[in-house]
Amino acid sequence: MNKEKIKQSFGNILQAINEDPTRDGLQDTPKRIADLYQELFAGVGKDPKELLDGSFELGHRELIILKNIQFFSMCEHHFLPFFGMVHIGYIPGKDGRVVGISKLAEVVNLIAHRPQIQERMATEIADALYEGLKPDSVGVVIEAEHMCMSMRGIKKLGAKVITSALRGRFRTDIASRQEFMSLIEKH
Ligand code: ZN
């Protein structure tokens with residue numbers, strides 16, 4: 001990541017909004033933004049499937065659910081945060097490959113650390129798990145609040161956007177999908 005370029009560019013933004021980039025509080029802001037962006041966008045260009053290499057065979061063929069994985073991401077349209085919970089469910093494939101719970105959270109974290117839109121985030125998580133674990137089915141549901149909705153425009157504080165992505169049997173078999181969705185919705 002080119003932090004020097006972020007620094008210069010953010011200095012230009014400060015000037016463009018008629019601020020004085022040399023005043024006390026703002027002096028180090030371009031550098032702070034460069035450090036922050038390095039952290040927030042660390043997932044750009046990385047392959048989440050590599051995180052799944054440590055999956056193991058358990059011979060388990062029933063639905064596994066991981067609920068309430070907290071995430072923070074940046075909306076690519078406004079560069080403002082959106083954040084909330086990811087819920088993941090999967091049925092292991094023929095070889096019964098499963099993955100540690102922390103690995104699922106790492107996949108979510110990597111994919112969230114890119115300029116994102118919530119719809120694609122669900123798709124990217126589902127695809128990474130479907131390709132990386134070769135399960136029978138994967139379902140991903142994301143509930144999030146978007147600061148670009150809460151702070152500006154319609155200003156709907158606390159409004160939640162829900163997106164989902166389904167792969168495998170969850171797509172074609174209504175009973176499996178309903179089992180997954182009912183477990184996600186139960187609190
Ligand atoms: Zn936005």
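I began with Asn18, which is exposed at a relative accessible area of 72%; on the scale I used, buried means under 20% relative accessible area, exposed over 50% and partly exposed in between, with a 1.4 Å probe and protein chains only. The model is a predicted one, in which local features need pLDDT of at least 70 and side-chain atom pairs count only at pLDDT 80 or more, while totals for chains, interfaces and linings use all residues. Residues are numbered from 1 along each chain as its sequence is written, and side-chain values use heavy atoms, with hydrogens and water left out.

**Backbone entries.** I looked up the phi of Asn18 and found a positive value of about 65°, although Asn18 is not a glycine. I noted this because most residues other than glycine have a negative phi. Asn18 sits in the loop between α1 and α2; helices (H or I, at least four residues) and strands (E, at least two) are DSSP runs numbered from the N terminus. I then turned to Phe79, another residue other than glycine with a positive phi, here near 55°. Phe79 belongs to the loop between β2 (64-75) and β3 (81-91), and I recorded it as partly exposed at 33% relative accessibility.

**Helix pair entry.** I next examined helix α1 (residues 3-16) against helix α2 (residues 29-40), which pack at an angle of about 130° with their axes 8 Å apart. The axes are lines fitted to C-alpha atoms, for helices over the stretch in contact, and the angles run from 0 to 180 degrees between N-to-C directions. The residues of the contact of α1 with α2 divide into 7 nonpolar, 3 polar and 4 charged, where Ala, Val, Leu, Ile, Met, Phe, Trp, Tyr, Cys and Pro count as nonpolar, Asp, Glu, Lys and Arg as charged, and the others, Gly among them, as polar. On the α1 side I listed residues including Ile6, Phe10 and Leu14, and on the α2 side residues including Ile33, Ala34 and Tyr37, contact meaning heavy atoms within 4.5 Å.

**Zinc entry.** I looked up the protein donors of the zinc ion and found Cys75 (SG), His78 (ND1) and Cys148 (SG), lying 2.1 to 2.3 Å from it. Donors are N, O and S atoms within 2.8 Å of the metal (3.2 Å for Na, K and Ca), and water is not among the atoms, so sites may look incomplete. In sequence the donor residues follow the spacing C-x2-H-x69-C.

**Helix residues and distances.** I placed Glu106 in helix α3 (residues 101-112) and noted that its C-alpha atom is separated by 12 Å from that of Leu129, 23 residues apart along the chain. Glu119 is in helix α4 (residues 118-133), and I recorded 22 Å, C-alpha to C-alpha, between Glu119 and Ser176, which are 57 residues apart in sequence.

**Whole chain.** I counted 7 helices and 7 strands in the protein, and buried residues make up 41% of its 187 residues. The C-alpha trace spans about 60 × 35 × 25 Å along its principal axes.
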